[in-house]
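The notes after the display are grouped by topic.

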Amino acid sequence: MPKHTIYHIPVCPFSQRLEILLRLKGQEDSVDFKVVDITRPRDPELLKKTRGTTALPVLETPDGDILKESLVILQYLEEILPGGLIRQSDPLKHAIENMLIAKEGPFTMAGYLFVMNQQTDRRTEHEEKLLGIYRDINEFLINFNPEGTYLFDEFGLAETVYTPMFMRFWFLDYYENFTLPDNEQYQRVKRWQDACLTHPAAQQVTKEEIVKLYYDYALGAGNGAVPEGRTRSSFVFEPHWKTRPWPPRNKYDAKTTDEELGLISA
Ligand SMILES: N[C@@H](CCC(=O)N[C@@H](CS)C(=O)NCC(=O)O)C(=O)O
């Protein structure tokens, strides 16, 4: 069968969703992944295919059709690839998982705005916003599966969508000391999150990788942008993140150089 191609950034959460789905279906080899370095100008050929848009992942079918948006690509791969359905097959249950998935946009946005916030006096506002969404998800999970761990019996579509975000939010733990309060308003969602984080199909990235690569987000510079006073993005491929030191945790008065972050090759 001719292969589909996915253009992606390896550490991107939206792309990790696709990798988790492929792993759950045992179909890792049925797609070609092509890595894009977001710290460099985009390949004009790829830009032509995406009609000038830059967000990844992008899926190209063997016939040259282009699909964008991780949730759309996810459902497309779910339908065309063998390996069993990851989504719920019962229409009502599928609708329920889609209701939870519909909450991922605001959840993602709240976490990213929190890590990118540069004003100490607005920290609590961001934290409250995110905690409110966690409480809402907690209530949702209690409503549909009070005693369980996942939304339904197993790690499924909703977990595939949320787990990469739970992993990116390691940057909140590191740069914002953010943790879920230890009380019943968060217990059910915490059980879900903990199980998602350790699921064998979702181990494509590590906390160390996230914390090091997303350092510039913690300084307010997203998507490979270079913060003031620096020449290299924390998303560069070389030097490899494994060789770099852990960045300072205090993001609010950080004055770090490329050298201190290990971003200059020896
Ligand atoms: N809603 C999109 C979001 C994709 C997105 O924001 N991707 C980021 C990487 S994590 C990106 O490509 N950033 C670089 C850019 O937009 O040029 C999806 O779900 O696929």
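An oxygen atom of the ligand lies 2.7 Å from a polar backbone atom of leucine 56. The model is a predicted one. The peptide bond that leads from leucine 56 to proline 57 is cis, and both Leu56 and Pro57 are among the residues that surround the ligand.

**Ligand surroundings**

- The residues around the ligand are Ile9, Cys12, Pro13, Phe14, Arg42, Thr54, Ala55, Leu56, Pro57, Glu69, Ser70 and Asn223.
- Besides the backbone of leucine 56, which has a polar atom 2.7 Å from a ligand oxygen, the side chain of threonine 54 places a polar atom 2.7 Å from an oxygen atom of the ligand.
- Asparagine 223 has a side-chain N or O atom 2.7 Å from a nitrogen atom of the ligand.

**Domains**

- The domain assignment of the chain gives domain 1 as 4–80, domain 2 as 91–202 and domain 3 as 207–253.
- Between the C-alpha centres of domain 2 and domain 3 the distance is 24 Å.
- To the contact, domain 2 gives 18 residues and domain 3 gives 17 residues.

**Interface of domain 2 and domain 3**

- Domain 2 and domain 3 bury about 1,700 Å² between them, and carbon and sulfur atoms give 60% of this area.
- There are 2 salt bridges across the interface of domain 2 and domain 3.
- Aspartate 173 and lysine 207 form a salt bridge in which the closest N and O atoms are 2.4 Å apart.
- Polar contact across the interface of domain 2 and domain 3 involves 13 residue pairs, with both residues at pLDDT 80 or more.
- On the side of domain 2 that touches domain 3, at least two residues come from each of α5 (104–116), α7 (157–168) and α8 (170–176).
- Helix α8 supplies 6 residues, the largest share of that side of domain 2.
- By class, the side of domain 2 that touches domain 3 consists of 9 nonpolar, 5 polar and 4 charged residues.

**Backbone geometry**

- Most peptide bonds are trans, and most residues other than glycine have a negative phi.
- The cis bond from leucine 56 to proline 57 has omega near 10 degrees, and proline 57 sits in the loop between α2 (44–49) and β3 (58–60).
- A cis peptide bond also runs from glutamate 238 to proline 239, with omega near -10 degrees.
- Proline 239 belongs to the segment after α11 (215–218).
- Asparagine 177 is not a glycine, yet its phi is positive, at about 55 degrees.
- Asparagine 177 is located in the loop between α8 and α9 (184–197).

How values were computed. Residues numbered from 1 in each chain as written. Predicted model: local features only at pLDDT ≥ 70, side-chain atom pairs only at ≥ 80, totals over all residues. Heavy atoms only, no water. Domains from an automatic or database assignment. Contact = heavy atoms within 4.5 Å. Buried area = accessible area lost by both parts, 1.4 Å probe. Salt bridge = Lys/Arg side-chain N within 4 Å of Asp/Glu carboxyl O. Polar contact = N/O pair within 3.5 Å; in protein donor to acceptor, adjacent residues only side chain to side chain. Helix = DSSP H or I, 4+ residues; strand = E, 2+ residues; numbered from the N terminus. Nonpolar A, V, L, I, M, F, W, Y, C, P; charged D, E, K, R; others polar. Near = heavy atom within 4 Å.
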